[in-house]
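Welcome! Take a look at the structure first, and then read on.

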Amino acid sequence: MNSSKDRKLLAYVWRHKGLYLMLLPGLLYFILFRYVPMAGLVIAFKNYSPFQGIWGSPWVGFDNFKQFFSNQDFLILLRNTLGISLTQLVLYFPAPIILSLLLNEIRHNWYKRLVQTFIYIPHFVSWVIVASLSYQLFNTNDGLINMLIKMMGGSAIPILSSAKHFWGLIVGQDIWKETGYGTIIYLAALAGVDQEMYEAARVDGAGRWQMMWHITLPAIKSTVIIMLILRVGSILNTGYEQIFLMRNDLNVAYAEVFDTFIYTRGIQNAQYSFSTAAGMFKSIVGMIMVLGANWTAKKAGESGIY
Amino acid sequence: MAKTKIIKRDARGVKMSLGYRITDVIIYTLMGCVGIITLLPFLYIAAGSFATDRELTERAFFIIPRVWSLNAYKYSINNGNILLGLKNSFILTLFGTVVNMVLSTTFAYPLSKKHFKGRNFFLNMVIVTMLFSGGMIPTFMVLRAYGLYDSYWALILIGAISPFNMIIIKNFFQELPMELEEAAYMDGASEFRTFLTIILPLSKSVLASISLFYAVGYWNDYFNAMIYLQTPSKYTVQIMLRNIVLKASAISDIMMDYYDQNGAPPDKAVKMATTLIATVPILVIYPFVQKFFTKGVMVGAVKG
């Protein structure tokens, strides 16, 4: 019985060998470049030394994790990561929502499209270019903003090189780069609103703001909730390319986050096992956050992501 | 004749009263400002890149330089690094995008078939990688063990199939009408041939969107290039730009007093010119990007 099942499967695979052959390169990719690195996480439980290799290095149990959690840097990393994420949540998250509500009030399509064309651009430039623009605008020596401040008799603000401005700088860059592009998803939701609802509201004597409050806003509610959940789910991901580029010796106290720490310890200092443990902690917490967020979304009656 | 006062109404039929019009003016102006502020940093460096260093130290902000100068561009191009970076990035982007598209589409096609045995297993295998990964250090060590350190292959293979993009392609294939495909099978075409001659030509729009996603990703990548490339002649445009603009700036901030006292030459125009050179390729493809990206986001949004 079992063998006839096997034969059927073999016959199926043989008949569709073309499909299986097409799948093969991608499958190899996932195994070699996604799953083998996952297996490489074992070095988090070892004291890896290049001479002994991954399998020859001695097991140390949870020592690397203990060392990471008892490290005085751990709380600083947690504070900075959460600090940046929460600042993003409060200041950057609502920005595309407000912007798309306002764009929705523009009745001249050419003007709306013109504004959209402008505000999508920053999404497509690299973080290196954003960092470069920030240096041109904010450096204390000859940056635009500080030159203006000095011309008006003020003293320069070390935006790029002081710890206390770092979170604001990062979230400011996020707002400039991604707010415009972030409106697309809300505008897509708004495009689906039945225009007859506005008609009906008008008959009832509703004005512009009442329409926005009672029709437009509810129309994007589910999108807002999904985006919020996604954002909360990725609270440990603070965008390390961006932070890595803006971090320097003078602001490092508020700029070091998990990813930059893992990079410094792992790749620069070659503390492979220790930094792998730190990375694994982040991956696991991240996964739990995303799954929890997804579960919450489904509970709230929204369709989840996975 | 009695004067009839015509009250204009907007598309939704709301009366355009005075208050309404004032609100309009405010919203239109505000949106205009948002658009201009978004562009302002680019305009600022574009103007500065054509100005003399002297003007840049004297005037904080201008859109039209008093004295036009191409010195910054001459210096930037003679220095050569940025052109080499552009060339390297161009090769990487072109080659990487082709590899990604081949792998992503061939992987997506079998998974788009509902009857495909093992479909759920393979799909779950992909979804797991969206949730969990080995992380930076194990990935680095594995790629190094494969002998890919200091090779463009590391930059290509580290993200050759984006699970998210692959699923978008798969969903698109799934929605295609079956009739043409079945007709091809009847004529005795192999599955691979059907994929090449029927499926891919029908999927041009989604393939264009995803190609652009991948291409912009390659072009803008900084972190992977920094981790995996060692030989300076292989550096991509992003690394070259960072080395020219940021390394010097980080020092200049610290050495502000020194600069003030000694009047060291501000190399601001050169940095601006280099930044603009690195931005231009993105601006050139922006019209296409805008057309296809918004579509791509919509496809993703519908799925989500």
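Which domains does the domain assignment give for chain A? The assignment gives domain 1 (2-45) and domain 2 (63-299) of chain A. Please keep in mind as you explore that this is a predicted model. For the complex, the predictor gives an ipTM of 0.90 and a pTM of 0.89.

**Chain A**

- The C-alpha centres of domain 1 and domain 2 of chain A are 38 Å apart.
- UniProt, in an unreviewed entry, lists "domain: ABC transmembrane type-1" at residues 78-293 of chain A. In the model, that span is 77% helix and 0% strand, and its end C-alpha atoms lie 20 Å apart.
- One residue to look up is A270(A), found in the loop between α15 (258-268) and α16 (272-299) of chain A. A270(A) is not a glycine, yet it has a positive phi of about 55°.
- Is A270(A) buried or partly exposed? A270(A) is partly exposed, because 13 other C-beta atoms lie within 10 Å, and a residue counts as buried at 20 or more and as exposed at 12 or fewer.

**Chain B: overall build**

- Chain B has 15 helices and 0 strands.
- Of its 304 residues, 34% count as buried.
- Among the contacts in chain B with a separation of 6 or more, 73% are between residues 24 or more positions apart.
- The loop between α6 (136-145) and α7 of chain B holds D150(B). Phi of D150(B) is near 65°, a positive value in a residue other than glycine.
- D150(B) is partly exposed, with 13 other C-beta atoms within 10 Å.

**Chain B: transmembrane regions in the record**

- An unreviewed UniProt entry places the feature "transmembrane region" at several stretches of chain B, including residues 25-47 and 152-173.
- Residues 25-47 of chain B are 100% helix and 0% strand in the model, and the end C-alpha atoms of the span lie 30 Å apart.
- For residues 152-173 of chain B, the model has 77% helix and 0% strand, with the end C-alpha atoms 30 Å apart.

**Chain B: two domains**

- The domain assignment of chain B gives domain 1 (18-69) and domain 2 (80-303). Their contact takes 9 residues from domain 1 of chain B and 9 residues from domain 2 of chain B.
- On the side of domain 1 of chain B that touches domain 2 of chain B, α1 (18-49) and α2 (53-58) of chain B each supply at least two residues. The largest share of that side, 5 residues, comes from α1(B).
- By type, the residues of that side of domain 1 of chain B are 5 nonpolar, 3 polar and 1 charged.

**Where the chains meet**

- How many residues of chain B are in contact with chain A? There are 87 residues of chain B in contact with 86 residues of chain A.
- Helix α15 (residues 268-303) of chain B gives the largest share of the side of chain B that touches chain A, with 14 residues.
- That side of chain B divides into 57 nonpolar, 21 polar and 9 charged residues.

**Confidence in chain B**

- The mean pLDDT of chain B is 85, and 87% of its residues reach 70 or more.
- Within chain B, confidence is highest in helix α7 (residues 152-157), at a mean of 97, and lowest in helix α14 (residues 256-262), at 44.
- Over residues 249-266 of chain B, pLDDT stays under 50, and the model has 20 contacts beyond four places in sequence for this stretch.
- Where pLDDT is low, the predicted coordinates should not be read in detail.

Key. Residues numbered from 1 in each chain as written. Chains lettered and ligands numbered in written order. Predicted model: local features only at pLDDT ≥ 70, side-chain atom pairs only at ≥ 80, totals over all residues. Helix = DSSP H or I, 4+ residues; strand = E, 2+ residues; numbered from the N terminus. Contact = placed C-beta atoms within 7 Å. pLDDT = per-residue confidence, 0-100. UniProt positions renumbered as here; feature names shortened; annotations may be inferred. Domains from an automatic or database assignment. Nonpolar A, V, L, I, M, F, W, Y, C, P; charged D, E, K, R; others polar.
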